[in-house]
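Me: I would like to learn how to read aromatic pairs in a protein model. Could you take me through them step by step?

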Amino acid sequence: QVQLVESGGGLVQPGGSLRLSCVASGSIFSINRMGWYRQAPGKQRELVARFSSDGTTNYADSVKGRFTISGDNAKNTVFLQMNSLKPEDTAVYYCNHQRTFSPDYWGQGTQVTVSS
């Protein structure tokens, strides 16, 4: 089994930055299976950024140019650098690890609040 442990969330003012980390313990196939999602109050969980199978990255239109996903395969860690944060970015952010024949693994979620 895989356990995902997130850190880095918190309260930040508009225009500020945060860096989220997700450390995976246990056996994972590849960091390419990992990504970040978020869920704001009253809204569905949505994709923020993730790696594709070929190693490229995909981003939601709302975060392109502001967020960057990266990873360290040796450390089984994925990062989400968030710059120029807006109040609309306020949400619980979840780390995700895709699985082929079983339900995905999810982190516990970390709260990001952007407010002045």
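Reply: Rings of Phe, Tyr and Trp (its six-membered ring) pair if their centres lie within 6.5 Å, and planes under 30 degrees apart count as stacked, over 60 as edge-to-face and the rest as tilted. This is a predicted model, in which local features need pLDDT of at least 70 and side-chain atom pairs count only at pLDDT 80 or more, while totals for chains, interfaces and linings use all residues. Residues are numbered from 1 along each chain as its sequence is written, and side-chain values use heavy atoms, with hydrogens and water left out.

Me: How many aromatic pairs does the structure hold?

Reply: The structure holds 2 aromatic pairs.

Me: Which pair do tyrosine 94 and tryptophan 106 form?

Reply: Their ring centres are 6.4 Å apart and their planes stand at 85 degrees, so the pair of tyrosine 94 and tryptophan 106 is edge-to-face. Tyr37, Tyr94 and Trp106 form one aromatic cluster.

Me: Is tryptophan 106 buried, partly exposed or exposed?

Reply: Buried means under 20% relative accessible area, exposed over 50%, and partly exposed in between (1.4 Å probe, protein chains only). Tryptophan 106, at 35% relative accessibility, counts as partly exposed, whereas tyrosine 37 at 15% counts as buried, and tyrosine 94 at 14% counts as buried.
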